[in-house]
Amino acid sequence: MALLTLAACTPLRITPPPSASPSASPSGPPALTGWVYQLQSYPDGKLDALAKAPQHLAVIDLARDGGSEYFTATEVAALRASGKKVLAYFQIGAVEDSRPEYALLRQDANDVVLNHVTDWPEDYYVRYWDERWWKRVIAPRVDQALKAGFDGVYLDTPTAYEAIDLSGVREQTREGLGRAMVELVRRISEYAKRQRAGFWVVPQNSPELQSYPGYTAAIDGIGVQELFFLDTDKPCDQGWCGGNLQQVRALQKAGKVVLAVDYATRAENVRAACDHYRRERFAGYVTGRDLDRASPPCP
C-alpha cells in the first residue's frame, strides 16, 4: 500500500497568480490536536482497537486492508460512535495492483495505467485526468465512502502530478498536470458536498497546489507526511522541508486543518515532533512507517 513520501518528490514550486492567494479564515482551522492513521493489519479485521484510541479523528482505508472488501456502514458508525471523525483513505493519482479496479483497467482501459510509483513496484501512476479514471474508480470510491457513512475522504498521491514520466504522456506538461490534479480534487469536493454538506476533503501532501485557483476553496484540510522526521527517525532538514512547512502554514492560515504525520520510533524524536505540532497548532501523529497499528497520541 503506497503512501508517496515528501522525500521521494521535491515539490514543484509554482508562482501563484494574484487571484490565487487565499484569504485567512477569521475563526482559523477546527480545533484538533491529534489523529490516528492506520491502513492495514486491523486486529481480526475489525476497528475495535481504533475505537479505543483516544484521538478524535481517524483515517482508515476505504477497504479492509486495501482489498475488495469495504468497511460497512455499521463498522464505520461504531468507530464514529467512539467520538471520532472518520476519513476514508484512497489514492487518486495512482492505483495499487491489489485493488479490484486495477484488473478492470488492465482489461479494457490499459492506457490509463502509466509508470510504476518509485519504491512501490505494486503501484502505478494513472492518467488521473482521463474521464474513465473518474467514472470507473474515483466516483465509485466517493460513492462508497458516502454510503458507508464516512465523514470525509483522505486523498493520497496528489504528488502524481510531479512524478509521472512525461515521456509517457507527451500531450501533457508538468504545469498542466498540476492543473489537472487541482481539477480532480475540486471535482471530488463538489461531487461529494452536493450529496452531503460538511463532507471533508483532505488531500495528502503537495500543499503547493494551493498556488492554483480553486484548490484552497475545495479542500477542508491538508495531510502532510514527514514535516519534521523522514522515514525513520531522520530529521527533515533539507531545503524542501522548510518550503513545505511554509506552504502548510499558509493553508492553516486560510482556515484548513493540518494533519501531520512523522515516522519516528526513538523517544526523543517522538517528543520533538510533538513539540513541533504544539508550537504550530497542527494535529499531529507519530508512528511507524507501515501504518499497521494505532500508536498513542502525543503526551
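How exposed is R136, and what is its relative accessible area? I looked it up: R136 is partly exposed, at 37% relative accessible area. For my own reference, buried means under 20% relative accessible area, exposed means over 50%, and partly exposed is in between, with a 1.4 Å probe and protein chains only.

A note on what I'm working with. This is a predicted model, where local features need pLDDT of at least 70 and side-chain atom pairs count only at pLDDT 80 or more, while totals for chains, interfaces and linings use all residues. Residues are numbered from 1 along each chain as its sequence is written, and side-chain values use heavy atoms, with hydrogens and water left out.

**Entry: salt bridges**

I searched the whole structure and got 18 salt bridges. The term stands for a side-chain nitrogen of Lys or Arg within 4 Å of a carboxyl oxygen of Asp or Glu.

I began with R136, whose side chain meets that of D108 in a salt bridge, 2.6 Å from N to O. R136 sits in helix α4 (residues 131–147) and D108 in helix α3, so this pair links distant parts of the chain, 28 residues apart. My helices (H or I, at least four residues) and strands (E, at least two) are DSSP runs, numbered from the N terminus.

Next I checked R99 and D61, which form a salt bridge at 2.7 Å, N to O. R99 is in the loop between β4 (94–96) and α3 (100–108), and D61 is in strand β2 (residues 57–61), so the pair ties together parts 38 residues apart in sequence. Both R99 and D61 are buried.

Then came E280 and R249, with their closest N and O atoms 2.5 Å apart in a salt bridge. E280 belongs to helix α9 (residues 267–280) and R249 to helix α8 (residues 239–253), so parts 31 residues apart in sequence are tied together. E280 is buried at 14% relative accessible area, whereas R249 is partly exposed at 30%. I also noted that salt bridges with shared partners join D61, E96 and R99 into one network.

How many cavities of 30 Å³ or more does the structure hold? I found one. On a 1 Å grid over the protein atoms alone, a cavity is a set of points where a 1.4 Å probe fits but cannot get out, and lining residues have an atom within 4 Å of a point. Its volume, the space filled by probe spheres set on points joined across faces, edges and corners, is about 30 Å³ for the largest cavity. R99 turns up again in that lining, along with others including Y70, E101 and R141.

Terms used:
On a 1 Å grid over the protein atoms alone, a cavity is a set of points where a 1.4 Å probe fits but cannot get out, and a pocket is an open set with protein on both sides within 12 Å along at least five of seven lines; lining residues have an atom within 4 Å of a point.
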